[in-house]
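Here is a friendly briefing to read alongside the model.

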Amino acid sequence: MAADSLLTAAFPALLVLAAAVVLPLLSRRVGHALGALVTGAVVPWSVLAPAGAHLPVKLFGFEAYLFNVDPFSRLMGIIFGLIGAIAILYSYASEAENVQTAFAMSYVGSSLGAVFAGDWLSLLFFWELMAVTSTLLVWHYGGIAVRAGFRYALLHGIGGSLLMGAIIWHYVEVGTFLFASVPGGPEVAGMAAGVPQLLAALGIGVNVGFIGLHAWLPDTYPRPHIAASVFLCVYTTKTGVYGMYRAFPEGQLAIAYMGGAMAVFGAGFALLQNDMRRLLSYHIQSQVGYMVAGVGIPKALATAGAFGHVFNHILYKSLLFMTVGVVIYRTGEESLKKVGGLAREMPITAITFTIAALSIAGFPGFNGFVSKGMVIGAAHKKHLDVLWYLLLAGGVGTFLSFIKLGYHAFLHGEYEGTVADANRGQSVAMISVAALCVVYGLVPDLLFDIIPLSGEFEFHVFTVGHIVEGLVLALLGVVGFAVLKKPLKRVGRVPDVDALYNRAAFYGGRALVVGVTETYAAVDRGVVGTVKSVERVGANPRSYAKQIGITEDIRAGIGRGVMIVTVVTALALLVLLNL
């Protein structure tokens with residue numbers, strides 16, 4: 001069998017899901033080694049698989065393609081496989097159980113299924129499987145993660161239902177679930193215009209963290225095992241960005257402006273956090289805002305920048321969760337107020353954190369500078385001035401919040417106690433990703449070689465203007481932190497929109513239950529009272545007749561009534577028997 005045939009005889013999601021099923025049956029060392037090997041194999045598979053739609057099937061009776069390879073799905077496969085393998089190594093080094101890692105691998109596999117799907121129906125199937133497997137990954141940790149997992153599942157259930165409605169409506173409009181790029185697909189790419197696009201934007205908006213639909217993210221990601229957070233920060237939101245592109249391949253300015261607002265909102269709320277993983281979770285929303293803006297701007301540079309930022313963000317965000325995870329692993333503390341001065345005791349963790357922080361902030365020489373600059377540059381070239389300022393403001397907020405995190409965790413004060421640095425496995429995982437953040441920042445052509453639409457735009461990374469822009473944003477961040485450092489110390493837990501709708505759901509649900517129960521009880525009391533009254537009247541009709549003022553003899557009337565009831569009952573039985 002030819003090499004191409006071997007690569008298209010199955011699809012990566014199937015291999016990863018199969019390994020996830022086997023993993024709990026093996027020893028911890030062998031199981032994690034198998035998981036890292038299988039997930040890592042997705043990288044060369046994604047690189048070498050021939051372009052085109054493969055594995056045509058009948059899914060629920062409809063035409064579908066389970067393995068569709070194009071520049072967008074190829075990029076997603078490469079980075080999903082790479083970071084999945086590294087996260088499994090980190091999981092092993094962080095004492096994660098086999099079952100937890102199996103849930104994580106099933107989450108990776110379902111995400112791969114979604115990004116390699118050649119039709120909306122297959123994408124929806126894996127999209128929903130992704131929600132289920134990620135919920136199980138959260139629930140496995142127990143404790144406070146359980147309630148957060150329920151809220152997470154509820155929000156993603158709503159989002160999935162909206163997306164399902166969009167896809168069904170789309171099918172009614174165009175007559176197929178297939179993407180335009182596969183054989184038999186429609187002539188026009190993307191989701192059908194009108195209501196399907198609106199429903200798709202809202203449904204996918206849950207996954208990417210649209211403002212108002214985002215609260216599940218900072219509520220959930222700080223709760224489970226530290227290694228679970230590394231997986232969670234990667235797959236759901238970035239699969240959402242991919243889905244947003246499939247729905248709006250030609251862009252949509254309303255979505256672009258939502259992305260700009262997300263960049264500012266997420267960075268602003270991150271700055272107010274003291275829980276380290278909660279801070280990082282808000283920055284997922286902020287950074288995904290740049291990707292959403294890139295998808296929404298109708299320009300090749302913006303789309304390429306969005307997917308370049310997907311790639312880069314997965315690297316530095318997973319690294320941030322790894323470094324913060326090591327701090328939690330060694331100290332047992334989640335709050336910035338309970339740690340400090342850890343750079344002296346944890347130099348590897350501090351250095352890799354610094355690289356990740358400079359990367360996410362878009363400092364020159366690091367990978368975020370490349371892809372974030374592409375999206376900002378596209379907004380500027382399209383003369384979308386408001387969006388451009390929003391994206392720049394998000395950049396300042398990013399510098400501010402990561403200066404705060406790094407200062408309080410690693411520089412300021414002194415931790416009371418003795419701590420060790422990352423262990424060998426954690427160090428290998430973190431140093432590997434940190435190296436990639438630097439390499440893709442210094443040699444951006446390596447990124448341009450794998451991102452989509454690389455031949456359809458011109459962008460020079462290391463121009464004087466672009467470098468000055470990055471340095472000015474950094475300077476504003478430093479000055480801003482110097483001004484805000486003392487006020488930020490006094491900030492406690494800042495409520496988000498979930499403080500409103502969680503209470504509304506709780507009290508509204510309780511009111512509904514009480515209302516229904518009381519209504520049922522009132523009806524029951526009324527029926528029982530009526531039956532008892534009828535029984536009393538039937539038992540002593542003369543006495544009741546006297547009570548209401550009837551004095552004549554009622555025996556004849558009662559006899560006629562019994563006769564009428566008998567006749568009507570007989571007629572009813574005859575009708576029923578004839579039916």
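Buried means under 20% relative accessible area, exposed means over 50%, and partly exposed lies in between, with a 1.4 Å probe and protein chains only. This is a predicted model, so to speak of local features we need pLDDT of at least 70, and side-chain atom pairs count only at pLDDT 80 or more, while totals for chains, interfaces and linings use all residues. Residues are numbered from 1 along each chain as its sequence is written, and side-chain values use heavy atoms, with hydrogens and water left out.

- Thr352 sits in helix α15; helices here are DSSP runs of H or I with at least four residues, strands are runs of E with at least two, and both are numbered from the N terminus.
- Thr352 counts as buried because its relative accessibility is 4%.
- Setting aside neighbours within four places in sequence, Thr352 is in contact (heavy atoms within 4.5 Å) with Leu319, Thr323, Met430, Ile431 and Ala434.
- Thr352 and Leu280 are 72 residues apart in sequence, and their C-alpha atoms are 15 Å apart in space.
- Ser281 belongs to helix α13, which covers residues 276–296.
- Ser281 is buried because its relative accessible area is 0%.
- Beyond its neighbours within four places in sequence, Ser281 is in contact with Leu217, Pro218, Tyr221, Pro222 and Phe321.

**Helix α17**

- Helix α17 has 27 residues (385–411), so at 1.5 Å a residue it should span 39 Å, and its end C-alpha atoms are 38 Å apart, which agrees; the expected span is 1.5 Å times one less than the number of residues.
- Most of α17 is covered, with 19 of its 27 residues buried.
- After α17 comes Gly413, which has a positive phi, near 75 degrees.

**The largest pocket**

- A pocket is found on a 1 Å grid over the protein atoms alone, as an open set of points with protein on both sides within 12 Å along at least five of seven lines, and lining residues have an atom within 4 Å of a point.
- The largest pocket has a volume of about 640 Å³, where volume is the space filled by probe spheres set on the points, with grid points joined across faces, edges and corners.
- Its lining holds 20 residues, and Arg147, Arg151, Asp498, Asn502 and Arg503 lie nearest the centre.
- Helices α8 (144–174) and α21 (498–539) are the elements that each give two or more residues to this lining.
- The largest share, 8 residues, comes from α21.
- This lining divides into 10 nonpolar, 1 polar and 9 charged residues; Ala, Val, Leu, Ile, Met, Phe, Trp, Tyr, Cys and Pro count as nonpolar, Asp, Glu, Lys and Arg as charged, and the others, Gly among them, as polar.

**The second largest pocket**

- The second largest pocket has a volume of about 260 Å³.
- It is lined by 15 residues, of which Phe353, Thr354, Ala357, Phe402 and Gly406 are the closest to its centre.
- Two or more residues come from each of α15 (347–361) and α17.
- Helix α17 gives the largest share of this lining, 8 residues.
- The lining is made up of 12 nonpolar and 3 polar residues, with no charged ones.

**Cysteines**

- The structure holds 0 disulfides, a disulfide being a pair of cysteine sulfur atoms within 2.5 Å.
- For Cys437, the closest cysteine sulfur is that of Cys233, and at 12 Å it is too far for a bond.
- Cys233 counts as buried because its relative accessibility is 1%.
- Cys437 also counts as buried because its relative accessibility is 0%.

Technical notes:
1 Å grid on protein atoms, 1.4 Å probe; cavity = no way out; pocket = protein on both sides within 12 Å on 5 of 7 lines; lining within 4 Å.
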